[in-house]
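Here are my notes for your read-through. Please check each point against the coordinates as you go.

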Amino acid sequence: MTPLRPDPDTTPLLLAARQLPSPRIPVWFMRQAGRSLPEYRAVRGEGTILDAISDPDRAAEITLQPVRRYGVDAAILFSDIVTPIWAGGFGIDIAAGIGPVCEQPFASASDLDRLRPLDPSTDLAFQTRTVQLLVHELTPKGVPLIGFAGAPFTLASYLIEGRPSREYAKVKALMHADPTLWHRLCDRLADYAIATLGAQVEAGASAIQLFDSWAGALRPEHYQEFVLPHSRRIMEAMAGLGVPRIHFGINTAELLPLMADAGAEVVGVDWRTPLSVARDRTGGRVALQGNLDPALVLAPWSVLEREIVRVLDDNAGHPGHIFNLGHGVLPQSDPEQLARVVELVHRR
Ligand code: CP3
């Protein structure tokens, strides 16, 4: 019988997550699947991305495409942070070229009823099936599968604003005007994250990433009061499962120590903060993931190469480093360039 997961003592991503020396620097890319790949466009199909996500054969195939093409050190489940909310029937969709949209955004306590408790065995059965298909393919190849969920702040931003936002004005207004309702909403969203992450790990995911992409919109005191307790509860619920936990956001230079406090083994760093600075700020408590500017993938190879080396030099050979972009692959990226990134990082 094949084991459920790759060996944590020989798998680069799982070693680096524990800050242990690895035979090579692990590398994968956020949004490595998706529109930058012609093979994705070929199987994506018409309809919304949620149709592709909820079809296990298609979702598994899309997840595997970048692993085959690039030889990256991890696969990430093809899904979205709003998938569990959609599965729970809140009334959310993903509009092409826009992102998550709600026709009736979250506005008052009565909207909490639209976030009923999730039952993973039925609501997320498609996701469990996808993870099982993937683990069956990936584990014999020694490639770990990363499961993920959206963190309460980032999910709340879509539910309250009703669409992607720059200012988060409505989110912040609700948070400060009605802290009790804010915390009740985040409690429900944390339950969603715990349910989906727990189901992914149970089905064989080897690591989990909590995406709090937009939490950097807050000052540290507000992050600490309104966000940290909920993200910490999610991290604590995952603590006993024996898989490394990655905590990610952008614009988080001032939040890095607090994000490490939430309890992850790995903290994601965007390109604005040098890894050496991030390591100082987190006091060496966590491994770091990042942090090449995704726009540099669009630059000529000579420039890209220099900047990859800069990231690696800045890490100075520290074993607690998972190479990644500081945020997701841009859709207009050339896959050939990403292949060269992997090749260079692996050669070092
Ligand atoms: O390869 C992977 O990284 C796995 C797939 C993945 C998707 N969404 C698929 C997707 C992951 C990890 C996500 C997470 C996600 N979704 C986040 C956190 C990561 C981040 O970028 O900070 C966020 C904020 C979302 C919300 C969301 N979903 C946005 C902002 C968009 C983009 C809208 C657009 O079209 O530009 C989506 C849609 C989406 N999710 C796409 C993909 C591949 C693109 C739509 C498509 O291909 O039809």
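1. Cys 102 is buried, because its relative accessibility is 7% and the cut-off for buried is under 20%. Keep in mind that this is a predicted model. The closest cysteine sulfur to that of Cys 102 belongs to Cys 186. The two sulfurs are 15 Å apart, which is too far for a bond. A disulfide would need the sulfur atoms within 2.5 Å.

2. Cys 186 takes part in no disulfide either. The nearest cysteine sulfur to Cys 186 is that of Cys 102, 15 Å away. Cys 186 counts as buried, since its relative accessible area is 1%. The structure as a whole holds zero disulfides.

3. Next, the ligand. How many residues surround the ligand? There are 25. The closest are Arg 31, Tyr 40, Arg 44, Ser 213 and His 327.

4. The backbone also deserves a look here. A polar backbone atom of Arg 31 sits 2.6 Å from an oxygen atom of the ligand. For Gln 32, a backbone N or O atom is 3.4 Å from a ligand oxygen. For Ala 33, a polar backbone atom lies 3.2 Å from an oxygen atom of the ligand. On its own, the ligand has 860 Å² of accessible area, and the protein covers 91% of that.

5. Now helix H9, which spans residues 169-177. Which residues of H9 are buried? They are Val 171, Leu 174 and Met 175. These residues lie on the same side of H9, because they cover an arc of only 100° around the axis. The general rule is that an α-helix has 3.6 residues a turn, so residues three or four places apart point the same way. The face of H9 turned away from the buried side carries Ala 169 and Ala 177, both exposed.

6. Ser 157 belongs to helix H8. Is Ser 157 buried or exposed? Ser 157 is buried, because its relative accessible area is 2%. Neighbours within four places in sequence aside, Ser 157 is in contact with Gly 162, Arg 163, Tyr 168, Val 171 and Trp 214. One of these, Val 171, is also among the buried residues of H9.

Methods. Residues are numbered from 1 along each chain as its sequence is written. This is a predicted model: local features need pLDDT of at least 70, side-chain atom pairs count only at pLDDT 80 or more; totals for chains, interfaces and linings use all residues. Side-chain values use heavy atoms; hydrogens and water are left out. Buried means under 20% relative accessible area, exposed over 50%, partly exposed in between (1.4 Å probe, protein chains only). Helices (H or I, at least four residues) and strands (E, at least two) are DSSP runs, numbered from the N terminus. The arc is that of the directions from the helix axis to the C-beta atoms. A residue is near a molecule or strand if one of its heavy atoms lies within 4 Å of it. A polar contact is a pair of N or O atoms within 3.5 Å; within protein, one must be able to donate a hydrogen and the other to accept it, and residues adjacent in sequence count only if both atoms are side-chain atoms. Accessible areas come from the Shrake-Rupley method with a 1.4 Å probe; for residues, only the protein chains shown count as cover. Contact means heavy atoms within 4.5 Å.
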